[in-house]
Number of protein chains: 2
Amino acid sequence: MYNLTMLEANGDPEFMTSLARGLAVLRCFADEQRPMTIAQASRLTGLSRPAVKRCLHTLVRLGYAAQEGVSYVLRPKVLALGYAYLSSSTLAMRAQPLLDQLRDELHESCSLGVNEEDEVYYVARAEVSRIMSISLRVGSRLPLYCTSMGRVLLSGQSKENQRAYLRRAKLVALTPHTQTEPGDLLALFDHVAQEGYAIVDQELEIGLRSIAVPVEGPDGVVAAINIGMQATRITVAELRSRYLPPLRKVAAELRALVTNPRR
Amino acid sequence: MYNLTMLEANGDPEFMTSLARGLAVLRCFADEQRPMTIAQASRLTGLSRPAVKRCLHTLVRLGYAAQEGVSYVLRPKVLALGYAYLSSSTLAMRAQPLLDQLRDELHESCSLGVNEEDEVYYVARAEVSRIMSISLRVGSRLPLYCTSMGRVLLSGQSKENQRAYLRRAKLVALTPHTQTEPGDLLALFDHVAQEGYAIVDQELEIGLRSIAVPVEGPDGVVAAINIGMQATRITVAELRSRYLPPLRKVAAELRALVTNPRR
């Protein structure tokens with residue numbers, strides 16, 4: 001995940017290796033999800049312990065991290081970085097109120113995702129409260145090949161890009177239902193492009209179904225909107241008949257806003 | 001805002017100035033809220049143009065930013081940084097479902113804030129959809145002295161810390177109702193500590209009222225929960241009678257979870 005070749009200058013005199021290392025250390029907290037020692041961060045980032053120690057020391061001095069005994073935790077100031085993206089992203093800003101309305105209308109959680117470095121990034125989300133909720137939020141990342149948003153995003157790509165993705169990606173059978181054959185997946189992407197939506201039935205996680213539609217920009221698919229829910233609560237046919245029309249309506253509204261941002 | 005003394009090593013050989021500069025450039029996008037040129041980022045950060053250029057070049061190579069003509073925009077990958085905090089913060093993770101429930105019960109937006117470098121940081125938020133919505137989200141920051149969460153957070157501090165804050169803070173009259181006299185504010189903090197809640201009536205913005213209660217940890221106030229709404233929709237008396245009891249209930253639940261995190 002922390003591609004070390006990306007952290008090195010590779011002869012680029014303008015590249016700041018220190019900045020790359022510091023950001024890698026910040027990011028690795030997302031995977032560990034608890035206080036981390038220098039040794040753990042070193043293992044996750046592939047950086048030496050002294051290098052990690054200097055990064056953490058600097059992050060502490062800047063207020064982005066704090067030391068607790070031998071471990072380190074992130075501080076809320078880190079949120080200001082993610083907020084910098086959200087507040088500068090026309091797409092995320094415009095989508096949020098539309099997703100909020102959709103959630104209120106359907107009483108289901110809705111999300112907006114984009115393709116970023118071969119993953120679906122959740123850039124906006126409107127959530128309902130449930131005892132058994134799906135632990136996704138803005139900033140969450142999921143694979144492209146086995147999620148409804150991922151397939152919608154891939155279906156907007158050229159055949160060549162789809163094939164290149166399938167060669168790069170680790171196609172893991174996360175459940176017994178997960179499609180992992182590149183040929184089958186290419187056919188699925190075609191199908192999604194033709195139909196204009198994707199339904200994924202328990203390929204990411206047993207018990208989870210979801211439906212997604214594309215958000216088109218002037219140059220093709222720029223994002224996807226989806227609704228996911230527990231398989232016990234809905235059949236695939238109901239998922240399509242009940243949720244495809246409102247999802248398409250919101251995608252069209254968002255398309256209009258993104259195409260004429262008036263910013 | 002971008003305290004330059006914080007960006008310099010000041011004789012600390014372990015301090016990574018490059019990392020500090022890169023993070024300052026990332027953050028300044030939050031204030032500009034649109035594509036930014038090198039000159040604009042230089043003005044906002046106080047860094048030289050060549051220094052900003054190197055930071056942006058590195059951020060582009062790492063996938064955190066993209067160049068659009070002469071300007072730069074952030075990419076969704078930046079969200080992974082904010083997400084690193086959220087997914088590693090017990091408080092934010094535990095609070096979110098409680099806030100979602102409270103929103104569904106009250107049909108009002110609810111937030112959780114912490115005191116970070118003399119500002120209220122929104123670390124969790126559950127939002128209702130409204131035509132006239134309040135543009136706050138996770139990662140938003142507001143002043144302490146004129147917000148209900150800020151006053152609750154300050155009321156948990158010692159008199160000495162409160163006085164030190166009032167000396168450091170720029171006490172600006174954001175509306176004709178804003179209290180800016182240090183003596184009056186100290187008395188208000190006392191009142192909030194005694195009553196166990198704060199109501200702020202149009203001191204942050206005309207037309208906006210809010211109520212907040214503290215979330216206590218083993219060593220005092222660790223966070224605040226609030227509900228804010230348009231003044232036309234509710235009187236101060238109603239704000240108290242209708243929302244104080246459910247806010248206190250959630251604060252108590254969160255206190256129990258934070259005190260026994262079982263992590």
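Trainee: Which residues does Ser140(A) touch, not counting residues up to four places away in sequence?

Mentor: Contact means heavy atoms within 4.5 Å. With those neighbours set aside, Ser140(A) touches Val120(A), Tyr121(A), Tyr122(A), Ser135(A) and Tyr83(B). Keep in mind that this is a predicted model, where local features need pLDDT of at least 70 and side-chain atom pairs count only at pLDDT 80 or more, while totals for chains, interfaces and linings use all residues; side-chain values use heavy atoms, with hydrogens and water left out. Residues are numbered from 1 along each chain as its sequence is written, and chains are lettered from A and ligands numbered from 1 in the order in which they are written.

Trainee: Is Ser140(A) buried or exposed?

Mentor: Buried means under 20% relative accessible area, exposed over 50%, and partly exposed in between (1.4 Å probe, protein chains only). Ser140(A) has a relative accessible area of 2%, so it counts as buried. Helices (H or I, at least four residues) and strands (E, at least two) are DSSP runs, numbered from the N terminus. On that numbering, Ser140(A) lies in the loop between strand 5 and strand 6 of chain A.

Trainee: Then where is the place of Tyr122(A)?

Mentor: Look in strand 5 of chain A. Tyr122(A) is buried too, because its relative accessible area is 4%. Beyond four places in sequence, its contacts include Ser111(A), Leu142(A), Met149(A), Asn226(A) and Leu79(B).

Trainee: In what order do the six strands of the open sheet run?

Mentor: Two strands pair if DSSP finds at least two bridges between them. In chain A the order is 6-5-4-9-8-7, with antiparallel pairing. Strand 6 (141-143) and strand 7 (198-201) are at the edges with a single partner strand each, so each has one side without a neighbour in the sheet. From one strand to the next, the twist averages 30°.

Trainee: How many bridges join strand 4 and strand 5 of chain A?

Mentor: Seven, linking residues 110-116 to residues 119-126 in the antiparallel sense. Within that pairing, Asn115(A) stands opposite Val120(A).

Trainee: Which helix lies across strand 4 and strand 5 of chain A?

Mentor: For angles, axes are lines fitted to C-alpha atoms (for helices over the stretch in contact), and values run from 0 to 180 degrees between N-to-C directions. Helix 7 (residues 148-155) lies across strands 4, 5, 7, 8 and 9 of chain A, at about 160° to strand 9. Helix 7 is also among the elements that cover the buried residues of helix 8 of chain A, as is helix 9 (182-195). Those buried residues of helix 8 (residues 159-168) are Gln162(A), Ala164(A), Tyr165(A) and Leu166(A).

Trainee: How many disulfides are there over all chains?

Mentor: A disulfide is a pair of cysteine sulfur atoms within 2.5 Å, and the count here is zero. For Cys110(B), the nearest cysteine sulfur is that of Cys110(A), 19 Å away. Cys110(B) is buried, because its relative accessibility is 0%.

Trainee: And how much area do chain B and chain A bury between them?

Mentor: Buried area is the accessible area (1.4 Å probe) that two parts lose on being put together, summed over both. Here that is about 6,500 Å², with 62% of it on carbon and sulfur atoms. Arg61(B), Leu79(B) and Arg137(B) supply 12% of the area that chain B buries against chain A, more than any other three residues. The contact takes 70 residues from chain B and 71 residues from chain A.
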